[in-house]
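Subject: Structure for you to look at

Hello,

Here is the structure I said I would pass on. Please open it first, then read my notes below.

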Amino acid sequence: MNKKSFKAFSPLLLSSILVLSACGGDDSSSTNSDDVQTAGSDIEDATELSFWTFAGTHATFYANAAERWNEENPDNPIQLTVENYPFDQMHNNLLMALQSGSGAPDLADIELAKFPNFLQGDVQLEPLNDLIEPELDSFMQERLDIYAKDGNYYGAPTHLGASVVYYNTEIMDEAGVDIDTIETWDDYVEAGQAVVEATGKPMTTIPGNWYGIWPFVAQKGSDFFDENGELTLDNEENIETLEFINDLVHEHEIAEMAPGGQYHAEEFYGFMNDGGQASIVIPMYYMKDFTTYMPDLKGKIQIRPMPTWSDSDYQSVTMGGTGTAVTSQSENVELAKEFLYFAKLSKEGNIQLWRELGFDPPRFDVWEDEAMREENVYYEYFHDDIFDILSEIKDNVAGIQLSEFTPDVLTEIDSNVMHNVLTEQSHTPEEALKESADTVRQKMESAN
Amino acid sequence: MRKNNIFIKWIVNIFFVFVALIALFPLISLIVSSFRPSSELMRNGISFSFVWSELSLRNYIHIFTESSSYWQWYGNSLIISTLTIVLSLFFSSMVGYALAVYKFKGRTIIFLSVLIIIMIPFEILLLPLYQLMINLNLINTYTGVMLPLIVAPVAVFFFRQYAMGLPLELMDAARIDGCTEYGIFFRIMSPLMLPSFAAMAILQGLNSWNNFLWPLLVIRSNDLFTLPIGLATLLTPYGNNYDTLIAGSVMTIIPIIILFIFFQRYFVEGLASGSVKG
Amino acid sequence: MSGLNIKNSEYVHETPNQNPPPSGRKKKNNSLLRLLNSKKVAPYIFVFPFILSFSILTLYPTIQAFIMSFQRILPGQVEFIGLQNYERIFNQTFYKALANSTMFMLLTVIILVTIPIILAILLDSNLVKSKTFFRSALFIPALTSIVVAGVIFRLVFSESDQAIANQIIGFFGFDPVRWQFTAWSGMFLMVGMAAWRWMGVNVLYFLAGLQSIPKELYESAEMDGANLFHKFRHVTLPFLQPIIIFVTTISIIGGFRVFEESYVIWQGNSPGNIGLTLVGLLYQEGIQQNDMGFGAAIGVVLLILIFFVSMIYLLVTGAFKRGDE
């Protein structure tokens, strides 16, 4: 009888045992149990700043940054408290706090797919233009645009998130395929057929969420929205892309559905670690997942740009990623912004992003920096020329267009499109995309 | 005939052993699994075939030695649950009792309201309630967490049902002896309602102990986190900690089972006597 | 079950309305205390905490939610948009959620009413030994939080062919199932989890109901030559009816409000919306996607739905009429 009592919606604790499909982003190593990180608590007169994040390693990163800040700015110390919340709840809480006008922290991490929710109405975040604009050339514009509205930049990027292909060389060698000969998606399919024939293992797996379509769509030069915010979900290119992915699974039979439904599931880590598939298309940040969850693949993985489409030059796509924002409820907006610059936007901060978290820094100008070449776990696990490969393709990285309805599109993709086309095969790619586009259009119309 | 009876008895008892197995099996398998490497478990699920040599106390050693926060959350949960039980039993029993023994204007409306609250999905109240907590300055306090639980409609409903069966002659006798109305309740009637208190203590304790969504909105700082929230922070895809998850889950069930074993006789009796009335 | 009798005056023991009580020990100078202690005022003091908490914590937020359902709410911008939120509700996604919630409700009502009755009758008979043990064994799953239940179900019904569920069906010659990815198995997991957790509670309710049946009735039925079925049909069932109505009503309400079972299995978007429920839709639209007004409108529709279905059920079963007998 207590079943549905007043507050019976109690324990959603499991909330994050599985990755929400929409939370592809930065990843982190196994967390310690410290959900709170403080820095500068021993300093008198330090200004208190609060920070919300959903990733334990980010918390450590910011706490370390605060320590460095206090060393370099003894006259303006800060006391930074970083709280680590479950992914979904952190975003919900932040929305509610901003909506209701109080209770928000000074700074917060907001994940890419959630960011548009925070750009609705009167934006409750502080523009970072005065920090970013002087150094705009160092950044990839598209990456900054993701967190922007009406010319204001609200989020500090965490990484470039360049999508690449990680090849398992053990499997590729067994199939007798030289990965450097794979230049186009046609080559990729051909290589995949050789792999399946020689090893019986799939060339890749397709996640049931937007990671299974968005990178390919964007690489083709298309997107779910155009630059005017019009929905393009069901345009010709996107249908073709989904048909291609569908063919990988059902026509060429070189791909399967990802165990666990997505790339951040424990089931998938186990499958990949056991040499379950020959390659995976995912942004650079996945390096951290490899080193943490797939130790058996050490030394076997090679990173390469994405194969290209015949009608597009893009060799990579910027995907995923968290934007850090300063909230308007902060009592120390200027200080919070300065600290954010110090921690994530400055050159030094960008180098730390690579060193501590293994992220490809969003600032191009540090890629050549000496400090980036220092030996670390990632060079050891993969190979030394990671940034040489990235530098070569840096002019061919596609950006993505976000709209306030992007979360709706991603929800449609996660729950309807991929499932109906790939798993159930109840819809053709065209039917599924058209149907979902109609649903989103209906919502867009009523909102205007 | 007799032989036949014994045969049926066997069948029924075997059937119940089977039912009990189904009921208990998931928990037993969780407890057994908590001694296995956690990420392995997440990858392949619970399996019949496991290697004995894989079993270790590692997960428990981990939460007992490395997770200092875990025990703080445990303590917070204990405090909040205890307070919630005491306060909600106190207030809910008063309300339920009054609804049962007095005839007064508005009684039907109030009782109807109790039923309606049970029907309202909590989610639609979230934002207004949250704003209210901010206005009352109760964010990040235990009071804010407990307030919505203190007068629990289900408990009110149950206490009312139970109090319907109280012998009202006692009330008149007590009045003649000079007892006040409140004295009647606290000194004479509530002792008679003890079994119902035991039953509700378990249900309220269970709810409070497992409550998640609401405390998550209200509590801000780590040192006030309750156990479910604390555990959830370890479970993010951005840093899995299944070691603490599995062993920690086992440890969260234990207080409830102890509470249940302790009160189980009252619980069953209370539930029985409460729900048959009327 | 009188709890469901809205007009329940017959259950209230007559308390004469005159005060003060016939006693010579009143203090003349303390009329305020006397007033507070009068039988007229005392009940209001008793229910005062409820009235307070009801108005602040339920009534006010509910009214707020109703108002919100006619608004578009964005940070810093709130505007009334009339019925637009309601006009948007009725689309494919909503019907999917409605179908899932209704299916869940029907299945849980059937499973969680019939099986507990049978178990309770058997447990109440003298056929079973160690009743306490079985009673407790059935009840203990209810003590498990939904979160832990979610962990367990995920581990048992993992898609790996080494997971227990797949090992068992493999033993019978079936292929491994990706439990969390197909429509029927998704519903099976949700209903299974609810059935596992609530079976014992309902058994206790029915056990309690069985205690109230006078044993003599069975004896006289036996003397009339009634067989087991007849006894069940004509003695047990009528006596259990109030409890059956109570449990069914709670199950209907709870069934429509299903959310946690789905949430702990899929954490949000389920593939093909196989686990999308009405409250899940409310959560997804209103909270995750920050469309509070729309979420509130879904909540209002849900509330009306629950209210109507349970009222119809109660009318059909005559629960109201019984109260006036």
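Which residues does V95(B) touch, not counting residues up to four places away in sequence? They are V151(B), V156(B), F46(C), V47(C), P49(C) and F50(C). Touching here means contact: the C-beta atoms of two residues, placed from the backbone, lie within 7 Å.

Before the rest, two notes on reading the model. Residues are numbered from 1 along each chain as its sequence is written, while chains are lettered from A and ligands numbered from 1 in the order in which they are written. The model is predicted, and local features need pLDDT of at least 70, side-chain atom pairs count only at pLDDT 80 or more, and totals for chains, interfaces and linings use all residues.

The core. V95(B) and Y97(B) have the most contacts inside the largest nonpolar core, which has 300 residues. Such a core is a set of buried Ala, Val, Leu, Ile, Met, Phe, Trp, Tyr and Cys residues joined through C-beta atoms within 7 Å. Buried means that 20 or more other C-beta atoms, placed from the backbone, lie within 10 Å of a residue's own. Helix 8 (residues 183–211) of chain C gives the largest share of this core, 16 residues. Helices (H or I, at least four residues) and strands (E, at least two) are DSSP runs, numbered from the N terminus.

Chain B. This chain has 14 helices and zero strands. Of its 278 residues, 55% count as buried.

The contact between chains B and C. Each of the two chains is represented: 80 residues come from chain C and 80 residues from chain B. On the side of chain C that touches chain B, helix 2 (residues 42–68) of chain C provides the largest share, 16 residues.

Chain C. An automatic or database domain assignment gives domain 1 (7–86) and domain 2 (90–324). Their centres, taken over C-alpha atoms, are 33 Å apart. Eleven residues of domain 1 of chain C are in contact with nine residues of domain 2 of chain C.

Q71(C) has F80(C) as its bridge partner in strand 2 of chain C. Two residues lie between the strands, and G76(C) takes a positive phi near 80°. Strand 1 of chain C is covered on both faces, with Q71(C) and I73(C) buried on one side and R72(C) and L74(C) buried on the other.

Regards

How values were computed: A residue is buried if 20 or more other C-beta atoms lie within 10 Å of its own, exposed if 12 or fewer, and partly exposed in between; C-beta atoms are placed from the backbone. Two strands pair if DSSP finds at least two bridges between them.
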